[in-house]
Amino acid sequence: MTIAQRRLPNTLNLAATAIAAVDVTSLADAKEAIFYAENAGIRLRCLGEGSNVVLMPKVEGLVCYVKDASVTLLSRDDEFVRIKVGAGKNWHELVKETLSQGWFGLENLSLIPGSVGAAPIQNIGAYGVEVAQFIESVAVMEANQIVREMPAKECAFAYRDSIFKARLKSTANAPVILSVTFCLNRRPDVNLSYAELAAFFEFKSPHVAKPKSKLPSPEQVADAVTAIRRAKLPDPREYPNAGSFFKNPMINAYATPRLEARSVRPYKFGEGYKVSAAQLIDHAGWKGKRRGDVGCWANQPLVLVNYGRASASNLLAFAQEVRESVAEQFQIQLELEPSVVS
Ligand code: EPU
């Protein structure tokens, strides 16, 4: 195991170097990394493919990359299959592989950049599905170097949030996520609750039950999600970005008439209401706007793009301007979606 300085890949294409970084290819490596960080009195954190982080130019502490990309079948019956997947597996590869095996559920989460180990951190979600719905447990190694299977209910999954995300923000060392165990369906059970997805299949109302024979297959849903994402979201290889840069904010019911007066339509979410951050940013006039090398993507203003050699500070300053203008116009504070890592 070699610990060395390293340039950190990230989908925003920000120039970032870790003082110390290491590939973790075994449990022994994970233990050694934890021991090293503990001894040196430095922070330890894991990164995946860098698709949901804003990396500052110098990243302190020890950065670990868990390399295990194995997929292990744990059990299978007529209804469900349980698989354990190494944290280093590419997310979209996993979605494709599960579909080709006839293991269903992840189809709405097609084409999300990043690794399996990163998926539970922000509880990735898209097109009416959140990964937490399919997670049985997450295997982590804590500071005591013991591997623990954390059942989903201990992970505090919420909209774009989990116990792991909270730990990333705190000063304590984040646990090393080694693998994720999923429970997937063996019978197709497609989810067309997201209006845009239902519309793709020309279902007028996503809430009206459809005869099973008329439903698209999970593979068709995966293709539809892929097509919708490709049309709307910039490809990070061409236009470096970290997906949504802000969360869709929760608001109080009393704020809704004021928003509706400006044609911003909140929607029911759990006990409260959520509002589309993209709509707020759009209404505030940011769509397609640029400041130097940072800009707001025209087809989905929730996404900020690095058009050239933007720095993390340029990006965060731009995000702050967007936040201030939305706050001024709508009295709503947008929260950053990616984690800032320094
Ligand atoms: N919209 C505008 N103006 C535009 C484009 C879109 O106002 O120019 C508004 C539409 O009115 C609509 C909303 O944006 O209300 C629809 O956009 P989308 O379907 O992309 O949904 P979203 O709420 O903006 C969330 C996730 C995405 C995820 C989609 C689909 C968050 C922060 N983002 O975006 O996730 O793909 O739903 O489920 O929850 C990501 O996290 O990186 C991400 C891309």
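I began at the ligand and found 23 residues around it, the closest being Tyr-127, Tyr-159, Tyr-194, Asp-282 and Gln-300, where a residue counts as near if one of its heavy atoms lies within 4 Å. I kept in mind that this is a predicted model, in which local features need pLDDT of at least 70 and side-chain atom pairs count only at pLDDT 80 or more, while totals for chains, interfaces and linings use all residues. Residues are numbered from 1 along each chain as its sequence is written, and side-chain values use heavy atoms, with hydrogens and water left out.

I then looked up individual ligand oxygen distances: a backbone N or O atom of Tyr-127 lies 2.6 Å from a ligand oxygen, and a side-chain N or O atom of Arg-160 is 2.7 Å from a ligand oxygen. For Lys-232, I noted 3.1 Å between a side-chain N or O atom and an oxygen of the ligand.

Next I turned to the domains, with bounds from an automatic or database domain assignment: domain 1 (4-66), domain 2 (69-232) and domain 3 (241-341).

Leu-12, Asn-52 and Val-54 supply 48% of the area that domain 1 buries against domain 3, more than any other three residues.

Conventions. Buried area is the accessible area (1.4 Å probe) that two parts lose on being put together, summed over both. A polar contact is a pair of N or O atoms within 3.5 Å; within protein, one must be able to donate a hydrogen and the other to accept it, and residues adjacent in sequence count only if both atoms are side-chain atoms.
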